Amino acid sequence: MSRFPWSRRVSAVASLADQNRRRIFDFVAAADRAVGRDDTAEALGLARSTASFHLDRLVADGLLTADFRKLGDRSGPGSGRPAKLYRAAVQEVSASVPERSYDLAAELLVAAVEESAAGGGPVGDALLRVARARGRDAAEAAGGTGFAGLLTAEGYRPVDDGEGGLALLNCPFHRVAQGHAGTVCAMNGAFLAGAAEGCGEDTGRVQALDIAALRSRGEAGPAQCCARIRPAQVSAAP
């Protein structure tokens, strides 16, 4: 669920604030098979109606999946109605406010280390290749949402900058970037360039900013992204 829309992840985490729902999710996630309402109610000492309510709520929140299956070996008329069985849809769920993507940063950095170790090239070069490819993949997975829609889905909070481009008000890698701006901002720029390319945009629209200087002059927020998206008509060459 970590790459699900942010609002869904926040709702899912909020759902687990209920003690019974959290116990039920833990029970189902730890089971080595799909479990039913009776199994859950008996294991946790809950009324069957209570277990049923919370199981279905967890399905609605995207934490569990449910299907119907007949139990035992009997089939055909008289074999009974199919039972509703539940499995975990995710093994973990996380959300942050504001939205962050530290899991994505970790995946990119580890993939870059592995590529560098396998090929013998510099880790920094591998990171830029991996991040750009992941940006293209993100654009493909987003379908026809467009570049601005993709930026929104990835947590950048794009807004009109008043010049026909976009300012990105949120850095998805904010905490990591605080002590490693050179590496993280380069990774971020490559990811955004790949995303632009995947959306059919000129990669020159992705412009690096001296975000520290802008913040020192009060022209950028404390968590603003280190890039902006230039207007399409004034894009520079990649």
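I started with a helix contact: Asn20, Arg21, Ile24, Phe25 and Val28 in H2 meet Thr50, Ala51, Phe53, His54, Leu55, Arg57 and Leu58 in H4, where contact means heavy atoms within 4.5 Å. By class, I noted seven nonpolar, three polar and two charged residues in this contact of H2 with H4; Ala, Val, Leu, Ile, Met, Phe, Trp, Tyr, Cys and Pro count as nonpolar, Asp, Glu, Lys and Arg as charged, and the others, Gly among them, as polar.

A note on the model: it is predicted, so local features need pLDDT of at least 70 and side-chain atom pairs pLDDT 80 or more, while totals for chains, interfaces and linings use all residues. Residues are numbered from 1 along each chain as its sequence is written, and side-chain values use heavy atoms, without hydrogens and water.

Next I looked up the geometry: H2 (residues 19–30) and H4 (residues 48–60) pack at about 75 degrees, with their axes 10 Å apart. Axes are lines fitted to C-alpha atoms, for helices over the stretch in contact, and angles run from 0 to 180 degrees between N-to-C directions. Helices (H or I, at least four residues) and strands (E, at least two) are DSSP runs, numbered from the N terminus.

Then I turned to the sheet, which is open, with four strands in the order E4-E5-E7-E6 and antiparallel pairing; strands pair if DSSP finds at least two bridges between them. The twist averages 30 degrees from one strand to the next. In E7, I found Ile229 as the bridge partner of Leu166.

Last, I checked Gly162, in the loop between E4 (158–160) and E5 (166–168).
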